[in-house]
Structure formats: C-alpha cells, structure tokens
Amino acid sequence: MARYKEIGLEQFAVGVIGARYVGLATGACLARIGHWVTCVDKDPDLIAELRNGGMPFFEPGLEELVARGKSEGRLSFEDGEALAGVVEDSDAVFIAVGTPQGDDGAPDLSNVAAVARGIGRALAGGRGRENPLVVVNKSTVPVGSGDYVTTLVREGAGDAEVDFRVVSNPEFLREGSAVHDTLFPNRIVVGFDHPEVGEFMRRLYGPIIERSFAQRDEPRGVVPFVATDLASAEMIKYAANAFLAVKISFINEISNLCEITGADVKSVATGIGLDERIGSRFLEAGVGWGGSCFPKDVNALRATARKNGYEPTLLDAAVTTNDHQRELAVTKLERNLHTLEGKRVTLLGLAFKPGTDDLRESPSLWIARVLHARGARVVGYDPVVAAARLSSPDLEVAADPYGALSGAHAAVVVTEWEEVVSLDLRRAAALMSAPRLLVDGRNALDPAAVRASGLTYEGFGHG
Ligand code: UDX
C-alpha cells in the first residue's frame with residue numbers, strides 16, 4: 001500500500017491544527033519519531049512564543065522535545081494564515097483544538113467546525129499530492145462526529161471536488177505525563193471507514209507501535225493498534241474516561257461507607273485492587289476528580305444519552321458522588337472548627353492534580369469558593385500555580401507553604417504534590433493556630449506522623 005507519497009522512508013508531512021496541550025504534545029512526538037510536522041494555531045502570540053522557545057503551559061519534558069524537533073528542522077510553527085499551505089503540502093492534518101463544555105453539558109464544537117471548514121476551503125484550492133488528504137480528528141467530539149467533520153470539510157470546499165478521508169484518533173494522554181503517554185501509549189485507537197487510511201495511520205505511528213526508539217529502561221513490546229469504525233473510536237474515548245471517573249467515585253462511595261463502619265479505605269483499595277479484574281490504579285479516595293477531561297467528557301456522554309432519550313443513571317451517580325466529596329472536605333472543616341466565620345484555612349495544592357498547572361474544574365477552586373462564602377479567609381499554596389495566574393476573590397495565593405500555613409486554623413491537602421507531602425509537619429504545627437486541623441483530601445500523608453507532630457488529622461475513609 002504505497003498510495004501515500006513519502007518524503008523519506010516512512011516519514012510523512014503532517015500538519016497539526018491547534019498548538020495547545022494535545023496539539024503541541026502530538027506534534028512534538030510525531031516529530032520525535034521522524035515525521036515533518038507543522039503546528040498551526042490561530043493565536044499569533046502563541047505561535048510567536050513557541051517560535052521563540054517559550055512554553056505556554058507547564059508540562060514535564062515537552063519543552064525539551066519541542067526544542068529538539070525545532071533544532072532537527074522537523075517541527076515548525078505557523079499562524080492560521082498558513083493553513084492552506086499546510087493542507088497543500090501534508091499527507092495528514094490533525095485537528096487538535098479544544099471542545100470546551102457548552103451550557104447544556106454538550107461540547108462546544110465551534111473550534112472543530114472552523115478548522116474543518118478551513119481545511120475544506122484549502123482543499124478546494126488544490127493540493128500538491130495525488131493521494132487523499134487524511135484528516136485525523138484528535139479533538140474529543142461527541143459520538144458520530146466523524147461524519148460531522150466530513151460534512152464540515154465538504155461544506156468548506158463549497159462546489160469544489162475534494163479528496164480526503166476522516167479518521168478518528170482519540171487522545172488518552174494525561175496532563176503531567178503527556179510526552180510519555182504519547183510516545184509510550186498502552187494502545188492506539190483509530191476509527192475509519194476506508195481500510196487504506198487505517199493502514200496509513202498504522203505506518204504513521206509505526207515507530208510508536210514498534211517502540212523502535214525506546215531506550216534501555218523504557219517500555220518494550222508492540223503497542224496494540226485498535227482499528228475500528230469512527231463512532232466506536234469516539235465512544236472508546238468517552239467510555240475510557242467515564243469508566244475511570246466511575247471507578248474513582250466508586251472508591252469514594254466505599255470510602256464513605258468505611259467511615260461509617262470503621263473500615264480503612266486504603267486497605268480495602270489494596271485488597272480489591274489485587275484482583276486483576278479490578279486493578280489497583282484509580283482507587284484513591286479523597287476530594288474527587290477534576291481537570292479538563294473527566295468532568296467535560298462525563299457530562300458530554302450524559303448529554304448524548306439524554307438527547308437520545310436514555311437516562312445515564314450510573315454516570316449521573318458518579319457525578320453526584322464526586323460533588324459530595326468536595327462538600328465532605330468542607331463538612332470535615334466545619335465539624336472541627338464549629339464555624340468557618342473568621343477562620344483562616346490553607347489549601348495545600350491548587351492544580352487539579354500534581355504535575356500540572358491546570359486549574360480547570362479543580363476541587364480547590366470549589367472548596368475556596370464555599371469556604372469564602374461562609375466567612376473563612378482562604379490562603380492557597382501551589383508549587384506551580386503562581387499568584388499572578390490566579391486572581392480570585394475567594395482566595396489569596398502564597399509563595400511558600402509555610403507562609404500560607406502561618407496563623408491557619410486548618411489546612412486541606414487538595415493536591416498531593418511532593419512539596420505538600422514532604423512538608424515539615426512540626427514547623428507547620430508551630431505556625432498554625434488551634435485546633436491545627438489537617439484535612440487530608442488525598443490520603444497522601446501518614447496519619448500517625450501528622451498526629452505525632454501536634455496536628456489534628458482527618459483523612460477520607462479511615463480513622
Ligand atoms: C484523564 C485521563 O486519565 C486521560 O487518559 C485522558 O486523556 C484525559 O483525562 P487527566 O485529566 O490528565 O487525564 O488526569 P488523571 O490523572 O486521569 O486524573 C483525573 C482526576 O482524578 C484528578 O483530579 C485526580 O486527582 C483524580 N483522581 C485520580 C482521584 O481522585 N483518584 C484516583 O485514584 C485517581
């Protein structure tokens with residue numbers, strides 16, 4: 001199958017539209033495995049920053065990979081004006097733009113629509129290749145959107161005859177390990193309705209599938225390539241995130257039952273996780289899930305269900321349990337402090353999880369809002385979320401954890417950063433005011449050590 005024109009042996013020209021989180025990680029990793037990648041974004045400031053060696057967000061290892069791609073001449077950045085040229089010169093164009101949650105819970109597809117129409121317009125202007133353009137959709141879109149992307153590309157092309165194929169290639173990378181997850185995924189999922197494009201995708205991802213570039217201590221073996229139809233590929237993305245969200249809500253419900261019955265959720269998680277059918281990961285109880293994916297994707301799936309007359313009871317329950325966990329953090333504070341009015345509370349960690357500066361749907365912001373509304377003074381500390389980035393009437397951001405803890409009646413571990421887990425607890429106790437409560441919202445600290453340092457400890461799902 002050599003329909004696709006190659007620049008070199010299994011090296012393709014690839015355009016990636018959208019140079020933020022997913023697009024940048026995808027582009028840099030495709031360059032790393034030997035392709036020639038142009039990342040395009042409509043934001044000229046972002047493109048200027050990337051060209052000048054800047055990094056628009058915090059993601060371990062990505063800056064180095066981008067620098068490497070640029071220095072090898074395999075990775076370049078262009079603003080929206082360049083789209084037509086990139087479509088003309090590329091074998092494949094990835095759509096990797098945001099699909100934020102709209103008011104009704106369904107994702108807002110306007111960015112995807114604009115890019116797909118733009119690709120159509122560019123295709124109508126002609127292409128320097130005889131093989132059809134492969135349009136790879138990486139943005140998380142509702143099930144059935146593969147056809148929607150096809151419709152939009154055609155719409156953009158107007159009356160012109162255009163030759164392209166749409167592929168759905170969902171993204172499973174986690175913030176904080178985006179580079180590793182892209183280069184060493186546990187599977188690659190590709191949905192398509194023309195067999196030859198499935199084969200093209202297999203070749204494009206060849207080095208990742210074969211792990212041919214792995215160093216000595218990196219994972220080996222062949223990565224499973226799941227070839228399926230467009231709708232199933234889109235559903236795999238939603239189902240994977242929904243399953244993980246449900247799994248966390250499940251252990252949180254068990255954790256609440258542990259508190260009632262005197263069991264310890266950490267032991268319970270270990271005990272059930274050793275059953276291979278259950279698995280030990282994503283069984284950490286606490287203040288629940290946040291971030292840019294779980295809340296948005298679970299809500300999108302619920303919206304798809306409702307639109308089609310189906311009541312997604314399990315997904316609804318997962319969201320209810322997750323909301324309850326944040327409330328529980330506040331309940332634990334109120335129970336110990338009696339009133340929040342006039343109390344000083346420190347939030348240790350603000351990002352929705354360690355390893356990222358992302359605050360989207362972070363439990364910290366919800367907890368800060370409620371505490372502030374109930375009269376508490378809230379001070380937050382996070383190793384990467386600086387005060388300059390977070391202007392909120394609900395909380396102040398301190399530059400170091402001990403400054404944040406000074407005079408606090410209580411502290412809540414919201415994000416289990418290493419800097420938070422390894423705090424000098426005696427120093428914290430000396431700085432805080434009675435009752436010196438520590439609510440461990442991630443069960444990340446050793447309760448005995450916390451108590452021994454003179455603090456009152458409250459975890460989730462254990463004594
Ligand atoms: C997730 C998916 O893991 C990834 O595959 C997908 O592509 C995007 O969504 P991400 O949002 O980066 O990735 O974070 P993840 O590590 O999955 O954590 C999500 C949330 O769940 C965090 O708020 C985390 O603190 C919480 N969590 C995770 C728990 O509360 N308990 C756990 O046991 C695990």
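This is a predicted model: local features need pLDDT of at least 70, side-chain atom pairs count only at pLDDT 80 or more; totals for chains, interfaces and linings use all residues.
**Entry 1**

I began with the strand order. The sheet is open and has six strands, arranged β11-β10-β9-β12-β13-β14 with parallel pairing. I then looked up which strands stand at the edges. They are β11, residues 396-398, and β14, residues 456-458. Each has a single partner strand, so one side of each is left without a neighbour in the sheet. I also noted the twist, which averages 25 degrees from one strand to the next.

Strand β9 covers residues 344-348 and strand β10 covers residues 377-381. The two pair in the parallel sense over five bridges. For L348 I looked up the bridge partner in β10, and found Y381.

**Entry 2: helices across the sheet**

Helix α13, residues 313-337, lies across β9, β12, β13 and β14. Its direction is at about 160 degrees to β13. In this entry β12 is residues 410-413 and β13 is residues 437-440. Helix α14, residues 363-373, lies across β9 and β10. I noted that α14 runs at about 175 degrees to β9.

**Entry 3: the ligand**

I turned to the ligand and listed what surrounds it. There are 19 residues around the ligand, and the closest are F172, L173, E175, E284 and K353. By type, the shell divides into nine nonpolar, three polar and seven charged residues.

I then checked distances to oxygen atoms of the ligand. A polar backbone atom of F172 is 2.7 Å from a ligand oxygen. For R442, a polar side-chain atom lies 3.1 Å from an oxygen atom of the ligand. For K237, the distance from an N or O atom in the side chain to a ligand oxygen is 3.4 Å. Last, I looked up how much of the ligand is covered. Taken alone the ligand exposes 670 Å², and the protein buries 92% of that.

**Entry 4: two backbone details**

I ended with the backbone. Most residues other than glycine have a negative phi, and most peptide bonds are trans.

A434 and P435 are joined by a cis peptide bond, with omega about 10 degrees. P435 lies in the loop between α17, residues 425-431, and β13.

F282 has a phi near 60 degrees, which is positive although the residue is not glycine. I found F282 in the loop between α11, residues 265-273, and α12, residues 294-307.

Key
Residues are numbered from 1 along each chain as its sequence is written. Side-chain values use heavy atoms; hydrogens and water are left out. Two strands pair if DSSP finds at least two bridges between them. Helices (H or I, at least four residues) and strands (E, at least two) are DSSP runs, numbered from the N terminus. Axes are lines fitted to C-alpha atoms, for helices over the stretch in contact, and angles run from 0 to 180 degrees between N-to-C directions. Contact means heavy atoms within 4.5 Å. A residue is near a molecule or strand if one of its heavy atoms lies within 4 Å of it. A polar contact is a pair of N or O atoms within 3.5 Å; within protein, one must be able to donate a hydrogen and the other to accept it, and residues adjacent in sequence count only if both atoms are side-chain atoms. Accessible areas come from the Shrake-Rupley method with a 1.4 Å probe; for residues, only the protein chains shown count as cover. Ala, Val, Leu, Ile, Met, Phe, Trp, Tyr, Cys and Pro count as nonpolar, Asp, Glu, Lys and Arg as charged, and the others, Gly among them, as polar.
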